[in-house]
Amino acid sequence: MKQEEVKLVEKTKKSYRVARPNQTGFSSPATHYTEPRIDLNDALIENPSSTFYVRVSDNSFSEFDIFENDVLIIDKSLTPKNNQLAVVVQAGCFQINRIDSDSKEEIQLWGVITYIIKSTL
Amino acid sequence: MIALVDCNSFYASCEQVFRPDLQGKPVVVLSNNDGCVIAANKEAKALAHIPMFQPVFKIKNILKANNVTCFSSNYTLYADMSQRVMDTLREFSPIVEEYSIDESFVDLSHYNNDELDEIAHKIKERVHKNTGVPVGVGVAKTKSLSKMANKFAKKIPENNGVFVVDSEEKRQFLLSSAKVKDIWGVGRKHTIRIENTGAKTALDFANTNLAWVRKELTVVGERLWRELNNLPCLELVTETSVKKGIGTAKSFGKKLADYSIISEATSFYVAEVADLLRQQGSAAGCIEVFLQTNYFSNSDNQYSNKIIITLDTPTNSTIKLTKEALKGLKKIYKPGYRYKKVGVNLFNLVPENQVQTSLFYEEHKSESKELGKVIDALNSKFGKNKVKLATVGNREKDWALIKEHRSPRFTTQWSELLTIGGKTSSIKL
C-alpha cells in the first residue's frame, strides 16, 4: 500500500438493513439479498483497541520475508505462541523475533504480528 | 463497588509506548505552543527542580542538563490512546464513566467482594498489555473513596498500583492516611473550615457530626461526608451533558500585528467551535471574541480587549458566526500592537430545533442548515478543514501553534506510522 493512496480508502458504512429499492422501473430482484461489501477490518482486526500498525523502513528483516515498506498489523493483547512473529524491544530498539518457546532468553514483547500487508506492485 | 482507573503520567506514557528507548528516562510534555511543561513522568518528577507550569524558556537549561526528552503535546495521539484504554475497561464492565482523558470510573457491582482484588489487578495488567499505558486502580464502595484509594495505590510502592477498600479496617486506614485537603472535591475554603474543628485527617472529617457538616458545608459537604462513610451519593455518569458554552483560545506561533492574518486565525477558531456546536445539536445566541498581547513580555506594549455580540437569532452556521465574529474583531483590533492570542467563545446555547426566530427573520441561503450539513459531511469524510470559508485563508503556518517536538500521529495517520528497521528502529525527533 502506498501511503498517498491509502488515504483515499473510504471507510465502509456497514448496514445489514434491507436495501430500499432504488430502481425507477422494475424493482430489483436483489432487494432482499443485499449485504455490506467485504471489509478488511472484519478479517484482519480482532481487537481494535489493542491493534497497532507499523511500517518497515528497510530490508533488515528479510529473514522473516518482511521487506521495506511492508505494513505490520500488530495485536498487543495476544500472548505469542511458538513460531509466531512478534515485535520486541531489545536495548531500547524495536526488533522482530520469531518466538521460540524453548528458549530461556527473556524477551520484552511489544506485540504479536498478526498480518503483514505487502504491495505487489 | 466502583473502580477508579487512572493512567500514570498519561501523556508521557503515550509517548513512551512508541519510544522504548526512553524507558526509565525523564520525559516531559509541553503545552500548546510549547509554552510550558504540562506533564512529566515519574523520572522527570524525581528531578525536583523541574517546576511544572513554568515557561519553557526559563527552564530550558535544566531540561537539557538532565537529558529530559521534551514532546510538544500530541492530543490526536493521546485521544486515541485514551479511547483504547476506555474500550479495554469496557471488557470488564458495561458501565464506564469517562471522567477525563486519563481517568475512568468503572462499575464493578457485578463482581463478588472477594473477587475484587483479583479483578483490580487484572484491569491493571490488561490495560497495560493492550495499550502499553500503565494505570493505577482504586476500588471502593463510593466514587469519592475509590478516588482516594487510587491515590493511595500509587503513593505506597507496596500497593503495586492497586488498592481495594473491601473492609471497614481498610476504609479507616485509607481515610486516616489522608489529610483533609486530600479529600476529593474539598476546596481550600472548606479545608480551613474543617481543620478549624480540629480535624486533621479525612477520617476525622468522616467522623464529624453530620449536623455540623450540613450546617457549615451545606449539601455538597454532606454528600462528601456520606460518600466517605460508604454511602454512595454520586452515580456513574455515562452520558455527557450538553455543554452550556463552547470556546477555544490559542496562542499564535509568533506574535502578529497584521489584522488580516489575525482575522484568518479567528475564522479558523470559529469554524472549530461551530462544528462542536452542530455536533451537540445546539445554536448559540452570543459570540465573544477576545484579543491580547503577550503579558509575559516586558518589551511589548500591552493591550487586550474583548467584545460580546448578541445575535438576533441563535445560530450554528459557521458562515453567520464567522461574519459576526469578524465584525467584532474589527471593533476591538487596534493597530500597532503585537498580538499573542485570539479566542472565540459561544454562549447562550439553545437546542437548534427550539430556536425562536424574530418576526422579520429570513434565513439567508448561505446560512442554511443544509449547506452546513454538506460541509460537515465533506469534512468528516475527507479530513478536517478540507472545505472551509475563504476568510480562513491559507496561511495557517504563519499563525499556527509551534509544535516543534510533536511526535507522529502513530495511530490515526497512514503517513505517520511508527517505522521500524534494522539500525535506526525508533524515530528520532
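This is a predicted model: local features need pLDDT of at least 70, side-chain atom pairs count only at pLDDT 80 or more; totals for chains, interfaces and linings use all residues.
Colleague: How much area do chain A and chain B bury between them?

Modeller: The size of an interface is often given as the accessible area lost when the parts come together. For chain A and chain B that area is about 2500 Å², and 60% of it lies on carbon and sulfur atoms.

Colleague: How many residues does each chain put into the contact?

Modeller: Chain A contributes 32 residues and chain B contributes 24 residues.

Colleague: And how many salt bridges and polar contacts are there between chain A and chain B?

Modeller: Between the two chains the count of salt bridges is zero. Polar contact is found for 10 residue pairs between chain A and chain B, with both residues at pLDDT 80 or more.

Colleague: Which elements of chain A supply the side that touches chain B?

Modeller: At least two residues each come from α1 (3-6), β1 (51-56), β2 (71-75), β3 (85-90), β4 (93-98) and β5 (108-117) of chain A. The most comes from β1(A), which gives six residues to that side.

Colleague: What is the make-up of that side by class?

Modeller: The side of chain A that touches chain B has 16 nonpolar residues, 11 polar ones and five charged ones.

Colleague: Back to β1(A). Which strand of chain B is it joined to, and do the two run parallel or antiparallel?

Modeller: The partner is β13 of chain B, residues 418-420. Three bridges join β1(A) to this strand, and the two run parallel.

Colleague: Now a single residue. Where is A:Asp39, and why does A:Asp39 count as buried or exposed?

Modeller: A:Asp39 sits in the loop between α1 and α2 (40-44) of chain A. A residue is called buried when its relative accessible area is under 20%. A:Asp39 counts as buried because its relative accessibility is 14%.

Colleague: What lies 2.9 Å from a polar atom of the side chain of A:Asp39?

Modeller: The backbone nitrogen of A:Asn41 lies at that distance, 2.9 Å.

Colleague: Finally, chain B as a whole. What are its elements and its extent?

Modeller: Chain B has 14 helices and 13 strands. Its C-alpha atoms fill a box of roughly 65 × 65 × 45 Å along the principal axes.

Colleague: What percentage of chain B is buried, and what percentage of its contacts join residues 24 or more positions apart?

Modeller: Of the 429 residues in chain B, 49% are buried. Among contacts in chain B with a separation of 6 or more, 68% are between residues 24 or more positions apart.

Key:
Residues are numbered from 1 along each chain as its sequence is written. Chains are lettered from A and ligands numbered from 1 in the order in which they are written. Side-chain values use heavy atoms; hydrogens and water are left out. Contact means heavy atoms within 4.5 Å. Buried area is the accessible area (1.4 Å probe) that two parts lose on being put together, summed over both. A salt bridge is a side-chain nitrogen of Lys or Arg within 4 Å of a carboxyl oxygen of Asp or Glu. A polar contact is a pair of N or O atoms within 3.5 Å; within protein, one must be able to donate a hydrogen and the other to accept it, and residues adjacent in sequence count only if both atoms are side-chain atoms. Helices (H or I, at least four residues) and strands (E, at least two) are DSSP runs, numbered from the N terminus. Ala, Val, Leu, Ile, Met, Phe, Trp, Tyr, Cys and Pro count as nonpolar, Asp, Glu, Lys and Arg as charged, and the others, Gly among them, as polar. Two strands pair if DSSP finds at least two bridges between them. Buried means under 20% relative accessible area, exposed over 50%, partly exposed in between (1.4 Å probe, protein chains only).
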